[in-house]
Amino acid sequence: VPIDILLVEDNEGDARLLGEVLSEINKDVRLHVATDGLEAIAFLRYQGTHLDAPRPDLILLDLHMPKMDGLEVLARVKTDPWLATIPIIVLTSSHSEMDIVQSYKLMANCYLAKPAELKQFESLVRSLNDFWLTKVTLRKERQAAGAV
Amino acid sequence: VLARREIGEDAMAIQILLVEDSPGDVRLTKEAFREVDPSIQVNVANDGVEAMEFLRREGAYVHAPRPDFILLDLNMPKMDGREVLIRLKADPGLKTLPTFILTTSRDARDIIRSYELQANCYLCKPVELDAFEKLVRSINDFWLTTVELPRPNLNN
């Protein structure tokens with residue numbers, strides 16, 4: 001069963017790096033990239049070119065982006081009853097205490113600060129994969145359809 | 001990196017609140033965390049009412065520490081896990097506390113409801129001891145060494 005992850009990241013290099021590291025660790029992941037907050041919302045609401053977008057099992061969200069930043073995306077997703085159940089992992093280079101607290105207040109499911117070094121970044125992705133993609137029970141659409 | 005382990009383990013022991021009514025499961029969870037890191041303090045509340053008293057430092061819990069995260073069972077007497085979640089997430093002082101559902105239930109309705117109520121994640125308790133120990137190890141590796149947890153002094 002593929003795991004659909006929406007990565008919201010404006011830096012192309014960062015997006016590619018994450019895609020490479022993650023695909024080495026977990027072959028089941030299908031990574032979709034939105035390059036800013038507006039595109040992320042369009043993806044989640046099947047708008048524009050995203051008519052056939054899957055509902056992601058997980059969102060990886062950068063904070064500082066053009067057009068619409070990550071905190072605004074968080075606020076919108078977590079106040080939308082249809083989208084609020086999708087876990088959001090903030091993944092940012094910001095170590096700011098304000099960003100951390102603000103993210104948790106807006107109901108981010110967890111906050112990860114991206115380390116600058118590649119080795120540490122790889123071990124972060126490994127830890128993320130081990131917890132979120134192998135231990136956590138994510139909401140599954142097929143199960144959900146039967147339950148609602 | 002500000003991950004929990006790097007901000008002064010000596011000054012502040014890692015505190016977990018386990019909300020669980022089964023004595024066997026409490027013992028098992030405590031042992032698994034001790035195995036991973038003996039300095040982790042596992043505080044126990046036996047039902048939702050006790051959990052809220054602990055978190056609000058009421059009654060016998062005046063000196064209770066603020067936990068780094070909460071492991072919350074769903075089905076318990078007096079006040080169940082869903083009710084605890086609702087109260088936590090409606091309380092400005094407690095809503096940022098990471099709360100993980102840890103239950104034997106695999107019912108899709110329980111899973112969806114927990115995410116609707118903004119549980120940080122949903123964990124099905126494995127029956128096999130070995131798998132349970134791996135789960136505890138993964139919680140430790142991820143939440144205590146990788147994640148940036150909200151700092152208590154900035155929460156209120």
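Analyst: Start with a term: buried means under 20% relative accessible area, exposed over 50%, and partly exposed in between, with a 1.4 Å probe and protein chains only. Helices (H or I, at least four residues) and strands (E, at least two) are DSSP runs, numbered from the N terminus. This is a predicted model: local features need pLDDT of at least 70, side-chain atom pairs count only at pLDDT 80 or more, and totals for chains, interfaces and linings use all residues. Residues are numbered from 1 along each chain as its sequence is written, chains are lettered from A and ligands numbered from 1 in the order in which they are written, and side-chain values use heavy atoms, leaving out hydrogens and water.

Now helix H4 of chain A, residues 97–105. Its buried residues are A:Glu97, A:Asp99, A:Ile100, A:Val101, A:Ser103 and A:Tyr104. They pack against helix H3 (70–78), strand S4 (88–92) and strand S5 (110–113) of chain A, together with helix H5 (129–144) of chain B. Contact here means heavy atoms within 4.5 Å. A:Ser96 caps the N-terminal end of H4(A). One of its side-chain oxygens lies 3.2 Å from the backbone nitrogen of A:Met98. Just after H4(A), A:Met107 takes a positive phi of about 75 degrees.

Next, the sheet in chain B. Two strands pair if DSSP finds at least two bridges between them. The sheet is open, with 5 strands in the order S2-S1-S3-S4-S5 and parallel pairing. Strand S2 (41–45) and strand S5 (121–124) of chain B are the edges, each pairing on one side only. Strands S3 (69–72) and S4 (99–103) of chain B pair over 3 bridges. B:Leu72 has B:Ile101 in S4(B) as its bridge partner.

Key. Polar contact = N/O pair within 3.5 Å; in protein donor to acceptor, adjacent residues only side chain to side chain.
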